[in-house]
Amino acid sequence: MPEPHRSEPHRPEPLRVVLAGGGTAGHVNPLLALAAELRARHDDAHIVVLGTAEGLEADLVPAAGFELVVVPRVPLPRTPSPALFAVPTRLRRAVGTAAQAIADVDAQVVVGFGGYVATPAYLAARRASVPVVVHEQNARPGLANRLGARWAAQVAVTFRATKLPGATVTGLPLRASMAALLEDMAADRDGTRRRAADVLGLDGDTTTLLVTGGSLGALSLNQKVVAAAAEIAATGAQVLHLTGKGKGDAVREALDSTDFADRWHVREYLDGMHHALAVADLVVCRAGAGTVCEMAALGVPAVYVPLPVGNGEQRRNARDVVEAGGGLLVEDKNLSAAWLREHLPPLLHADGAQRRAQMAQAAASVGVRDGAARLADLVEGAAS
C-alpha cells in the first residue's frame with residue numbers, strides 16, 4: 001500500500017529589504033539599528049544597504065556585516081549655479097543604480113532614512129511598485145523624506161511634532177551600544193556606572209559633568225565651559241570634556257595651571273560614547289536627534305545648545321524633553337560663561353542631586369527605548 005502523501009510545511013519566503021540612507025551618523029546609526037533588529041528576527045533575511053562612497057556608511061555598513069551598494073550622490077545646489085544643470089543627469093544615474101539593486105534583491109520593501117541616496121531609492125521603488133517605508137529622525141523633515149512620504153506605505157517619525165502625512169511615532173532606533181547600555185543599566189545601574197568609570201579613568205563616586213559637541217566638537221561650547229571652569233570645579237564635580245579632534249590642546253592649556261586640572265579629563269574623541277553616558281550625571285551638548293533620543297532613553301539630564309546653523313531642527317528636536325522637564329535649552333548665541341555659572345553649579349552641587357533625579361525621570365518619561373522594534377513592525381507590515 002503506497003505511503004500517504006505528506007505535504008511540506010509552508011515556509012514563508014525570506015524577508016528581502018533594501019535600506020537607503022547615509023552620509024552622517026544621524027542617518028547611518030538608525031539604519032544599522034533597524035538592520036540588526038531585522039536580522040535578529042529573520043536570520044535568513046536578504047538586507048542590502050544603499051549608500052555613498054564618501055559617507056560613514058562606507059565603513060560602518062560592511063563592518064556590521066551588511067552589503068553596501070554605492071549610489072552616486074545627487075547634491076542639490078543651494079543657490080542657482082551651473083551645477084544645477086547636472087542634477088537631472090546625476091539623478092537618472094542614481095535612480096538607475098538604486099533600481100538595479102532593488103531588482104537584484106527582488107525587494108519586498110524599501111526603507112529610507114533621508115540623505116543623498118534616499119531620493120533615488122524612493123523614485124526607483126515607486127517605478128518598480130515596491131512599497132516604501134520612510135523614517136525621519138529630525139523634528140523638521142528633510143527634502144528627501146518629504147518627497148518619499150507622499151506615496152509611502154508607512155511613515156515613521158522620531159518626534160511627535162514632526163509634520164509628515166500619516167506618520168506613526170516610533171522614536172529613533174538606538175544604536176547597538178546604547179541598546180546594550182540600557183539593558184546593563186536596567187540590570188545593575190551602579191555596577192554599570194562603576195565599570196564605565198574604570199574604563200574612563202574617572203571616580204565612580206563623584207558627580208560627573210560630560211561636555212561634548214559631537215565627534216567634531218564645538219568651539220563655542222569648549223570656550224564658554226572653560227571660561228566657567230572655576231565655578232564648575234568648585235562644586236566638587238569631575239568633568240569629562242570631549243573637545244573634538246584638534247581642539248583639545250587649547251582646553252588643556254587653559255586648565256593646566258589650575259588646582260582642579262586632575263578632575264578635568266580632556267579627550268578629543270571617545271570611541272565608546274556609551275561609557276561616558278553611563279557615568280554622566282549631567283551633560284552639556286548639542287541637540288542632534290540621536291543625542292536627544294539617547295539622553296532621553298537613558299534618562300540623562302542635559303543642557304542642550306542647538307547648533308546655530310541649518311533650519312532650526314535641533315531646537316525642535318529637544319522640545320519634547322525640555323518641555324517635560326528633562327533638560328534645559330539655551331541658544332548658542334545666548335550661551336555664555338555667566339549663563340553656565342548661574343545654571344550648572346546648582347545642578348552639580350551635592351544638594352542638586354534631587355533636582356537631577358527629577359530631570360532624569362522626566363527625560364525618561366519621553367524617551368523611547370524600543371524604536372528599532374517599532375520600526376521593524378512597520379517594515380514587516382509593508383513587506384507582507
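**View 1. Helices α3 and α4 cross at roughly 60°.** The axes of α3 (residues 87–105) and α4 (residues 118–127) come within 8 Å; axes are lines fitted to C-alpha atoms, for helices over the stretch in contact, with angles from 0 to 180 degrees between N-to-C directions. α3 is therefore oblique to α4, where angles under 35 degrees count as roughly parallel, over 145 as roughly antiparallel, 65 to 115 as roughly perpendicular and the rest as oblique. The model is predicted: local features need pLDDT of at least 70 and side-chain atom pairs pLDDT 80 or more, while totals for chains, interfaces and linings use all residues. Residues are numbered from 1 along each chain as its sequence is written, and side-chain values use heavy atoms, without hydrogens and water. Helices are DSSP runs (H or I, at least four residues), numbered from the N terminus.

**View 2. Residues in the contact of α3 with α4.** Leu91, Ala94, Val95, Ala98, Ala99 and Ile102 of α3 meet Thr119, Pro120, Ala121, Leu123, Ala124, Ala125 and Arg127 of α4 (contact: heavy atoms within 4.5 Å). This contact has 11 nonpolar, 1 polar and 1 charged residues; Ala, Val, Leu, Ile, Met, Phe, Trp, Tyr, Cys and Pro count as nonpolar, Asp, Glu, Lys and Arg as charged, and the others, Gly among them, as polar.

**View 3. Helix α1 against helix α16.** The axes of α1 (residues 25–41) and α16 (residues 371–383) come within 9 Å and cross at roughly 65°, so α1 is roughly perpendicular to α16. From α1, Ala33, Leu34, Glu37, Leu38 and Arg41 meet Ala372, Ala373, Leu375, Ala376, Asp377, Val379 and Glu380 of α16. By class, 8 residues of this contact are nonpolar, none polar and 4 charged.

**View 4. Packing of α6 and α11.** The two axes lie 10 Å apart at an angle of about 20°, and the helices are therefore roughly parallel to each other. Met178, Leu181, Leu182, Met185 and Arg189 in α6 meet Glu294, Ala297 and Leu298 in α11. The contact divides into 6 nonpolar, no polar and 2 charged residues.

**View 5. The second largest pocket.** Its volume is about 480 Å³, the space filled by probe spheres set on grid points joined across faces, edges and corners. A pocket is an open set of points on a 1 Å grid over the protein atoms alone, where a 1.4 Å probe fits, with protein on both sides within 12 Å along at least five of seven lines; lining residues have an atom within 4 Å of a point. Of the 26 lining residues, Arg189, Ala280, Asp281, Gly299 and Ala360 are the closest to the pocket centre. Helices α6 (176–200), α10 (273–279), α11 (289–298) and α15 (353–366) each supply at least two lining residues. The lining has 14 nonpolar, 5 polar and 7 charged residues.
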